[in-house]
Amino acid sequence: MSVYDKLKALNITLPEVALPAAAYLPYMQTGNLVFLSGHVAKQGGKPWVGKLGENMTTEEGKQAARAVAIDLMGTLQHACGGDLNRIKRIVKVMSLVNSSTSYTEQHLVTNGCSELLGEVFGEAGQHARSAFGVAQVPMGCCVEIDLVAELN
């Protein structure tokens, strides 16, 4: 099953590349590696604001991380010249979770992204990962995630 068949089965439509909110590029390729800049969680096209452990549950955070994964795949599709089937492997995911000082489930929030990448890319979607709790994310968003992918 192709990546696009999986996306269709999951009823996912990939967005266009979002314009950067500051002085950076949405992605950069060097050799066969593509580095995607951090993407913040959005809900209804607007920043998904919240702080895990204060006004958001782990399950809500996981859904936000899943939404970020969809945006990341939209950018990745652009970086691949419009063909996600060129992805050889998702190499690394790094997640920043806007968290209270007592919140310790950043890894479970980040599963929202990791699990979707695994569903869409299969074995090639399995990746190394870091999940950090941070005091704040740009625009007050609950989650920001970046990734590195290898192209065929």
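1. Asparagine 11 is exposed, because its relative accessible area is 70%; here buried means under 20% relative accessible area, exposed over 50% and partly exposed in between, with a 1.4 Å probe and protein chains only. This residue sits in the loop between helix 1 and strand 1 (27-30). Although asparagine 11 is not a glycine, its phi is positive, at about 60 degrees. Helices (H or I, at least four residues) and strands (E, at least two) are DSSP runs, numbered from the N terminus.

2. On the basis of the model: it is predicted, so that local features need pLDDT of at least 70 and side-chain atom pairs count only at pLDDT 80 or more, while totals for chains, interfaces and linings use all residues. Residues are numbered from 1 along each chain as its sequence is written, and side-chain values use heavy atoms, with hydrogens and water left out.

3. A positive phi also occurs at methionine 139, a residue other than glycine, with a value near 65 degrees. Methionine 139 belongs to the loop between strand 6 (128-134) and strand 7 (143-151). Its relative accessible area of 51% makes methionine 139 exposed.

4. Tyrosine 4 lies in helix 1 (residues 3-9) and is partly exposed, with a relative accessible area of 28%. Apart from neighbours within four places in sequence, tyrosine 4 is in contact (heavy atoms within 4.5 Å) with Gln77, Gly82, Asp83, Leu84 and Asn85. The side chain of tyrosine 4 reaches the backbone oxygen of glycine 82 at 3.3 Å. Between tyrosine 4 and glycine 74 the C-alpha to C-alpha distance is 12 Å, with 70 residues separating them in sequence.

5. Helix 2 (residues 58-79) contains 22 residues and spans 31 Å from first to last C-alpha, close to the expected 32 Å; the expected span is 1.5 Å times one less than the number of residues. Glycine 81, which follows helix 2, has a positive phi near 70 degrees. Helix 2 lies across strand 1, strand 2 (33-40), strand 5 and strand 7, and runs at about 140 degrees to strand 2. For such angles, axes are lines fitted to C-alpha atoms, for helices over the stretch in contact, and values run from 0 to 180 degrees between N-to-C directions.

6. An open sheet of 5 strands has the order 1-2-7-5-6, with mixed pairing; two strands pair if DSSP finds at least two bridges between them. Strand 1 and strand 6 are the edge strands, each pairing on one side only. On average, neighbouring strands of this sheet are turned by 15 degrees against each other, direction ignored. Strand 5 (residues 87-98) and strand 6 run parallel and are joined by 7 bridges. Valine 97 stands opposite glycine 133 in strand 6.

7. Serine 114 is located in helix 3 (residues 106-121). It is buried, with a relative accessible area of 13%. Not counting residues up to four places away in sequence, serine 114 touches His127 and Arg129.

8. UniProt, in an unreviewed entry, places the feature "domain: Endoribonuclease L-PSP/chorismate mutase-like" at residues 6-151. UniProt positions follow the numbering used here, feature names are shortened, and annotations may be inferred rather than shown by experiment. The span is 29% helix and 30% strand, and its end C-alpha atoms lie 19 Å apart.

Conventions:
A polar contact is a pair of N or O atoms within 3.5 Å; within protein, one must be able to donate a hydrogen and the other to accept it, and residues adjacent in sequence count only if both atoms are side-chain atoms.
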